[in-house]
Amino acid sequence: MKIRNILTAAALAVFAVSTAETPLYLDENAPLDARVADALSRMTTAEKVAILHAQSKFCSPGVARLGIPELWTSDGPHGVRAEVKWDEWDQAGWTNDSCVAFPALTCLAASWNPEISALYGQSIGEEALYRGKDVLLGPGVNIYRTPLNGRNFEYMGEDPYLASRMVVPYVRALQSNGVAACVKHYALNNHEANRHNTNINIDDRTLYEIYLPAFKAAVQEGGAWSIMGAYNLYRNEHNCHNSRMLNDILKGEWGFDGAVISDWGGAHDTDQAIANGLDLEFGTWTNGLNNGRTSAYDTYFLADPYLERLADGRADMATLDDKAGRVLRLIFRTAMNSHKSFGSLCSDEHYAAARRIGNEGIVLLRNENNVLPLPATPGMRVLVVGENAIKMMTVGGGSSSLKAQREILPLDGIRAALTGIATVDYARGYVGDVTGEYNGVTTGQDLTDSRSAAELIAEAVEKARNADYVIFVGGLNKLSGQDAEDTDRAELGLPYGQDDVIEALAQANPRTIVVNVSGNAVAMPWVDKVPAIVQAWYLGSEGGNSIADVLTGRVNPSGKLPFTFPVHLADNGAHAMGDYPGTLRDDGIYDQTYREGVLVGYRWHDTRDIAPLFAFGHGLSYTTFAYGELTADRSELNADGTITFSIPVTNTGSRAGAEIVQLYISDPVASVMRPEKELKGFEKVYLEPGETKTVTFTVGADALSFFDADTHSWKAEPGAFKALACAAADDIRSTYDFTLR
Ligand code: GLC
């Protein structure tokens, strides 16, 4: 055979081999870590560093030479944010980037329904997928420590067990679409004031019992593919590169194999970013909201400065490979996941999901004489009062702000629901915030009203006197200083003189119903002067319909509070102990100590015997429920055993409804101070009139344990324990004493 033919045959043979063998990193059937190792072996040092930091406001580069795509992130926890310009916060001006605005996560938590959480994650995941996003910057699970925190509306309440149970289905369902969750803000970001320069001092027991569990559940049970570092400091290290939080706890103790993403502008130092666990740097040189340098990406801490350290030996390749490997794993799970479908955007299913989440999360706080639901009396005269009945709430509040394709406002929802039944009139009642723009997204509303407060109240009162029912829709809004990122509220009370309006309405009409739209507890000095109060959250695109569904009785409310409403701010542990928002040090850092320790929320109220305005876990229904006796399959428990509690619950009313049965555990005699009781189980049970179901809870020693900082371990001390079946933290229905041997 001529030499030429031999060479040709050899060349063909090589070509055949190379095309037959897909490079390992592209083989989705290969083990993930093998793919990562293969990709790393093909990448240059510069390519490895390049994927560790942003190249635009919301995306980071891939490795084009190897066909590894860039990674696209987007806010936020309640919907997929509108497109911004490559290098700026303002709008890109697209016309195909509207979304469904889902209810805020406080509403999701108030549903106490993990199935609803899965529906939420699936729906928002489909929207993110359709919009081409690989990482959704949410959900947030920071514990509700103070009612002044501007971002509580983005989180899941005051109890670590409730937040843990509710975050896991969201993360799993979201990621089932091939879109990564980025659970935030890890950790101890429990208020917004001075968020970039606040250092938190906290004892280990409080850290592990209260502030870490929801993040741990998201990682270990939810399988979160990314975590967002918080702005604040812990032990005087910024959380975006904090050795203990990221290396020791997240990656060490919890075995997190994903990527740690900085909050936007949360990285501050190259050596710390290299050594202390940051993997993907975004938003440096910005305040995370609205300013920042342009095209500064090469100057990022994990950019040229990192390359310099690798070149001169101050940084090692092993650490670089670990970081780049985590980012590659995130890319393989998302952008390079060929099993992804195509998602869907603004579908009827997503609107239906938003409405259902709202319907299950709205909380009926008070309903004297069953003034609700509104009767369907033909010719009924209903007056709606309040700015929040007509104000769009999907725009504003910070990074969770959305360009919703539609937002049904409360007045519109109520009018639609009562069409043909009642006349629905409106009075402004007060003027609060007439702006309506955030980062270039505008509501298009003109809410200006030049009338005085007295004139506005006079109009509302006059109309109220001639109405059969008055529905006041007020509360807070997404303006800075209310429910908004980067700021905290200055007080517990309602703004804009709403208390005066409510008092005047209550005097004018005994059937005045208050609908509080907020992401936080508010003071209610008029609580006994109105027969009904509804906590309505920020409900997103279907808000007006959900509110109308509950007010008219189309839906029987079943939500319960995920956080305590204190009567006074001083009744809250963080404020009673007096260290919020921290003391300014000479170095410009606000130093704050969580002096109340584990006594957060109802734990504080119980242990200090302070009656709340409305308790954690409180929520009424249009039917009634009776609880039977709490029993158990044993009265003694071994350390490695379990105990199963049972309690029958009956719908004693005349319409179907759902009741959230809560199980708390009390350890009355312990070597350490323990809260009077702690939530360790819940179940939302749906019952027809007259129906009884037995709810069971099986718990083991972990539900009896406290975190022992001395041994860095969870400890359940033998002795007497009490299980409490409750309808709310202040509504104990039955108890059962048992012993841990
Ligand atoms: C913001 C927020 C964070 C958000 C990020 C990107 O400052 O703290 O939650 O995802 O920056 O907008």
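**Notes on the interface and the ligand site**

1. Across the interface of domain 1 and domain 2 in this predicted model, 23 residue pairs are found in polar contact, with both residues of each pair at pLDDT 80 or more. On the side of domain 1 that touches domain 2, the residues divide by class into 17 nonpolar, 12 polar and 7 charged.

2. The bounds used here come from the domain assignment of the protein, which gives domain 1 as 44-88 + 97-333, domain 2 as 362-555 and domain 3 as 620-740. To the contact between domain 1 and domain 2, domain 1 brings 36 residues and domain 2 brings 34 residues. The C-alpha centres of domain 1 and domain 2 are 34 Å apart.

3. As for area, domain 1 and domain 2 bury about 2,600 Å² between them, and 54% of this lies on carbon and sulfur atoms. Within domain 1, the residues that lose the most area to domain 2 are L148, F153 and L289, which together account for 23% of what that side buries.

4. The rule also finds 4 salt bridges across the interface of domain 1 and domain 2. In a salt bridge between E485 and R151, the closest N and O atoms are 3.3 Å apart.

5. Which residues are the closest to the ligand? Of the 16 residues that surround the ligand, the closest are D75, H185, Y231, D263 and E485, and E485 is also the salt-bridge partner of R151. By class, this shell consists of 6 nonpolar, 3 polar and 7 charged residues.

6. The ligand taken alone exposes 310 Å², of which the protein buries 100%.

Notes
Residues are numbered from 1 along each chain as its sequence is written. This is a predicted model: local features need pLDDT of at least 70, side-chain atom pairs count only at pLDDT 80 or more; totals for chains, interfaces and linings use all residues. Side-chain values use heavy atoms; hydrogens and water are left out. Domain bounds come from an automatic or database domain assignment. Contact means heavy atoms within 4.5 Å. Buried area is the accessible area (1.4 Å probe) that two parts lose on being put together, summed over both. A salt bridge is a side-chain nitrogen of Lys or Arg within 4 Å of a carboxyl oxygen of Asp or Glu. A polar contact is a pair of N or O atoms within 3.5 Å; within protein, one must be able to donate a hydrogen and the other to accept it, and residues adjacent in sequence count only if both atoms are side-chain atoms. Ala, Val, Leu, Ile, Met, Phe, Trp, Tyr, Cys and Pro count as nonpolar, Asp, Glu, Lys and Arg as charged, and the others, Gly among them, as polar. A residue is near a molecule or strand if one of its heavy atoms lies within 4 Å of it. Accessible areas come from the Shrake-Rupley method with a 1.4 Å probe; for residues, only the protein chains shown count as cover.
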